[in-house]
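Please open the model in your viewer and keep the sequence panel beside it, so that each selection below can be followed from one stop to the next. The tour begins with a single side chain and then widens to the whole chain.

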Amino acid sequence: MLANFSFALGSQAFTYYSRLYSSTWMNAMKALVGLIFFVIAVQFFVGFQFVPTKYFFTFFLSGALGLGIGDIFLFLAYREMGPGRTMMLFGFQPVILGILGYLFLDQALDMKKAVAIIFFICCLFTLSFEAFKKEGHWQLKGIFMALLWLLLDSTGVVITRYSFNMNPELHALEGNIYRCLGALFVFFVMSFVKPFGLVKNFVALSRKSQFMVVIGSFFGTFLSLALYLEAIKTINLASLAGINVSGTVFSGIMESIIFKKRPTWYLGLAFVFFLCGMAILFY
């Protein structure tokens, strides 16, 4: 939940600067800033450990799939459908992770977790319903993009969990270094196909905007991923995906505060569904 709260803070900056430049630029920048903070944190607080080459590449692959390619499709879905309707599709992730966790990690999905996930999906549906009413139709291209992100991100999460299972002593901070490297490799390759001016655009920003990009990436990438990978190391993956709904709730609340918009009853009902799901999951 702390990881989702941190991401919700960072996403405010991500949204603004993605529109100012591009989603590719913002994704590459947050991965770069995250990598710098992870290297500093590991160097000064936990120290580097030996990681077999095989598992270096599994972490690298998980980052390339989830933080690199996956996030590109996520932002494309936002552009096509808007965040409200895209977030409704996030409710399918517990199902995808539950199946992948069962097939590859021998994780069971008992009835208690299944009921909690249903409440989480209801939470997402409630948050998205108001946006859906305004348009009255779905865009198949956007749905396809969102489902691609769900598949890539879920696959990356499972690969990450497998890598931690094989390296139980490895700190989450160090695992994030290799995942960020994988994401940056994707954007490095993309820069040859379609340059997006990573350094040039950052230098062109005012000092205030540069600070906002860095602090947004600190919360939305470094702190969020540090906490998230610590959770991935131990929690049932389907339950983790359900708890991720909290990020949607936090984002809605923050948007109301920042833009001084009165929260709707949809947000209140979604929060009730979320609390019910959390109560079932933990009690």
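Select Ser209 to begin: this residue is buried, with a relative accessible area of 16%, where buried means under 20% relative accessible area, exposed means over 50%, and partly exposed lies in between (1.4 Å probe, protein chains only). Ser209 belongs to helix H10, residues 207-232; helices (H or I, at least four residues) and strands (E, at least two) are DSSP runs numbered from the N terminus. Now show the side chain of Tyr17 as well, with which the side chain of Ser209 makes a polar contact at 3.2 Å. A polar contact here is a pair of N or O atoms within 3.5 Å; within protein, one atom must be able to donate a hydrogen and the other to accept it, and residues adjacent in sequence count only if both atoms are side-chain atoms.

Before going further, please note that this is a predicted model, in which local features need pLDDT of at least 70 and side-chain atom pairs count only at pLDDT 80 or more, while totals for chains, interfaces and linings use all residues. Residues are numbered from 1 along each chain as its sequence is written, and side-chain values use heavy atoms, with hydrogens and water left out.

**The whole chain**

Zoom out and colour by secondary structure: the chain has 13 helices and 0 strands. Of its 283 residues, buried ones make up 51%. The chain exposes about 14200 Å², of which carbon and sulfur atoms supply 72%; accessible areas come from the Shrake-Rupley method with a 1.4 Å probe, and for residues only the protein chains shown count as cover. If you draw contacts (heavy atoms within 4.5 Å), residues 24 or more positions apart account for 89% of those with a separation of 6 or more.

Centre on Trp25, which, not counting residues up to four places away in sequence, touches Tyr17, Phe196, Gly197, Leu198, Asn201, Phe202, Leu205 and Val213.

Next select Met29, also placed in helix H2 and buried at 5% relative accessibility. With neighbours within four places in sequence left aside, Met29 is in contact with Leu198, Phe202, Val213 and Ser217. The C-alpha atoms of Met29 and Val199 are separated by 8.7 Å, although these residues are 170 residues apart along the chain.

Move along to Phe38, which lies in helix H2 and counts as buried at 0% relative accessibility. Leaving aside neighbours within four places, its contacts are Leu173, Asn176, Ile177, Cys180, Thr221, Phe222, Leu225 and Ala226. A C-alpha distance of 7.0 Å separates Phe38 from Glu174, 136 residues apart along the chain.

**Aromatic rings**

A search of the whole structure finds 15 aromatic pairs, in which rings of Phe, Tyr and Trp (its six-membered ring) have centres within 6.5 Å; planes under 30 degrees apart count as stacked, over 60 as edge-to-face and the rest as tilted. Select Phe56 and Phe60, a tilted pair at 6.0 Å centre to centre with 35 degrees between the planes. Phe56 and Phe60 are separated by about one helical turn because they are 4 residues apart in helix H3 (residues 53-81). Phe56 is partly exposed, with a relative accessible area of 24%.

**Cysteines**

Finally, select Cys180, buried at 1% relative accessibility, and Cys276, partly exposed with a relative accessible area of 30%. How many disulfides does a search of the whole structure find? The search finds 0, a disulfide being a pair of cysteine sulfur atoms within 2.5 Å.
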